[in-house]
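Please have the sequence and the model open side by side while reading this note. The points go from strand pairing to a pocket and then to the ligand.

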Amino acid sequence: MIRKFGTQNPAKTKILILGGGFAGSNVLRELQKQFKKNDVEITLVSQDNFFLFTPMLPEVSSGMLHPSDITTPIRSFCKTANFCHAKIISIDIDNKHVFVTRIFDQKETILEYDYLVLALGSKDNFFGNAHIEEFAFTIKTLEDAIAIRNHVIGVLECADQERDQILQEQLLRFIVVGGGFAGIEIATEIHHFLKDATKRYYKNIDPKKIRTIVVSAREGILPEVGDELGKFALDYVRKSGIEVITNTKAVDAGEDHVLLSDNTIIPCATLIWAGGVIVDPLISALKCEHGQSGRLVVDQYMRLQVHPNVFALGDCANLVDNKTNSVYPTTAQIAIRQAKIVSENLAASIIGNVNLMKPFLYHNKGVMATIGKRIGVAFLNGKKIHGFSAWVLWRSFYWSHLPTREKKIKVGIDWLLSLVFRADIMTVGFIKKKTLSRLETPMSSALEHSVDHSQNPSYL
Ligand SMILES: Cc1cc2nc3c(=O)[nH]c(=O)nc-3n(C[C@H](O)[C@H](O)[C@H](O)COP(=O)(O)OP(=O)(O)OC[C@H]3O[C@@H](n4cnc5c(N)ncnc54)[C@H](O)[C@@H]3O)c2cc1C
């Protein structure tokens with residue numbers, strides 16, 4: 001049976017925020033500052049009852065941070081607002097209805113709104129390849145980070161027992177597809193974890209046999225930091241022992257291999273996919289203008305053009321930066337800045353003074369990424385910085401953006417402890433996403449997936 005959400009008060013203006021990530025949580029927090037009295041009813045809907053601090057997700061995979069360090073309950077942000085822990089099923093913009101199912105028991109509910117904020121983020125884009133979707137790990141959710149950690153430790157345990165050299169080498173090959181922030185950060189985190197763990201704990205594994213390979217479709221890596229720093233990052237990542245294959249795509253995969261666009265087959269037991277994002281089908285189903293990767297085209301005030309009561313921001317919104325003539329990238333920094341503008345413009349709409357609305361203009365103060373153990377690259381206020389100082393900057397910047405004092409203390413303590421103690425090698429919980437069937441002969445399924453059957457594939 002379909003019910004209406006119980007807390008909705010017909011007398012108040014209803015603002016519905018869909019999504020509790022960087023964009024949605026920050027709109028919620030800013031709106032509560034705008035409407036200190038209870039004169040509007042704000043409800044945030046999310047399928048996760050916590051906010052996830054994604055820039056530190058790779059550190060959960062390497063065991064540097066605990067999952068609870070980078071998650072904060074959304075209810076802790078709700079001073080006057082309501083939280084609805086539910087999965088959004090469909091959005092009816094014409095009738096101002098959102099259909100959701102409660103996470104606990106899948107009971108269906110309709111939520112009504114006067115103003116809607118779309119902040120549903122993005123999903124991994126597998127470019128329609130069902131094999132890659134089936135066999136690759138992804139790094140988007142907390143569950144993904146824990147699954148990678150458990151899998152990587154499981155592979156080490158297996159390789160330690162494996163006496164067949166070829167199979168052991170296959171187990172010790174870790175492939176990461178994607179040369180952007182997420183791909184490079186997860187590759188460097190797990191590479192250093194693997195080296196440290198094998199040196200200390202796994203006597204039957206020669207650490208030199210560990211191969212972490214990044215496959216990037218572009219000429220280099222980290223396009224977000226510009227050419228010069230990107231080149232430094234590429235050189236450093238390579239010097240630290242990670243192999244980077246550029247100008248190449250991963251086009252297919254099986255449980256024991258990855259196939260590249262140049263017909264090279266890489267036998268492996270681990271594929272991590274950070275090869276691109278696309279919007280949720282919920283967003284692509286909306287009847288309005290869509291831009292890059294299905295993102296919602298918004299005007300300079302972050303509204304849908306034909307629905308001025310609907311705002312979109314973050315990874316699901318498409319806005320062109322007039323200075324560069326390109327669409328704003330999908331980053332947490334941009335989502336946070338857009339949240340401030342959306343809340344101000346929404347408040348201006350509610351009080352009926354559209355002259356107070358502000359356009360979204362982003363002055364990029366800088367970008368940064370970690371690219372190895374205590375090494376980073378940064379482009380800040382026109383200055384290019386790399387090495388230890390860039391890594392300290394990265395840590396300070398993201399640490400200061402953790403949402404609560406409690407999380408700042410927890411992360412600070414864990415980082416300090418990691419300087420003294422080695423990463424632990426316990427698997428966490430029972431999340432196990434991909435199972436490897438017994439590796440008996442290397443690469444049994446690989447030949448089926450070769451791109452060009454007229455040529456023999458080459459093997460890495
Ligand atoms: C590993 C990794 C590292 C990154 N590193 C950086 C970095 O260093 N710097 C940087 O600026 N950016 C980084 N990013 C990018 C950054 O995380 C995103 O740009 C940012 O999270 C976008 O915010 P958002 O709110 O639009 O989407 P999200 O944060 O993805 O939030 C989407 C929300 O919608 C909810 N949701 C989605 N679908 C449904 C549904 N059907 N029903 C209910 N709820 C739903 C989700 O649960 C979530 O709460 C990184 C991303 C990853 C994955």
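1. Basis of the note. This is a predicted model, in which local features need pLDDT of at least 70 and side-chain atom pairs count only at pLDDT 80 or more, while totals for chains, interfaces and linings use all residues. Residues are numbered from 1 along each chain as its sequence is written, and side-chain values use heavy atoms, with hydrogens and water left out.

2. Strands around β6. Helices (H or I, at least four residues) and strands (E, at least two) are DSSP runs numbered from the N terminus, and two strands pair if DSSP finds at least two bridges between them. Strand β6 (residues 82-92) runs parallel to strand β3 (residues 40-46), to which 4 bridges join it; here L44 has F83 as its bridge partner in β6. With strand β7 (residues 97-102), β6 pairs in the antiparallel sense over 6 bridges, and the partner of S90 in β7 is F99. The hairpin of β6 and β7 has 4 residues between the strands, and K96 takes a positive phi near 55° there.

3. The open sheet. In the order β11-β18-β12-β13-β14, 5 strands form an open sheet with parallel pairing. Its edge strands, each of which pairs on one side only, are β11 (137-138) and β14 (243-245). Strand β13 (residues 211-215) is joined to β14 by 3 bridges in the parallel sense, and I213 stands opposite E243 in β14.

4. The second largest pocket. Of the 32 lining residues, S62, G63, M64, S418 and A423 lie nearest the pocket's centre. A pocket here is an open set of points on a 1 Å grid over the protein atoms alone, where a 1.4 Å probe fits, with protein on both sides within 12 Å along at least five of seven lines; lining residues have an atom within 4 Å of a point.

5. The ligand. The ligand is surrounded by 29 residues, the closest being A23, D48, T54, D315 and Y398, where a residue counts if one of its heavy atoms lies within 4 Å. A polar side-chain atom of T54 is 2.4 Å from a ligand oxygen atom, a polar backbone atom of A23 is 2.8 Å from an oxygen atom of the ligand, and a backbone N or O atom of T330 lies 3.3 Å from a ligand oxygen atom.

How values were computed: A polar contact is a pair of N or O atoms within 3.5 Å; within protein, one must be able to donate a hydrogen and the other to accept it, and residues adjacent in sequence count only if both atoms are side-chain atoms.
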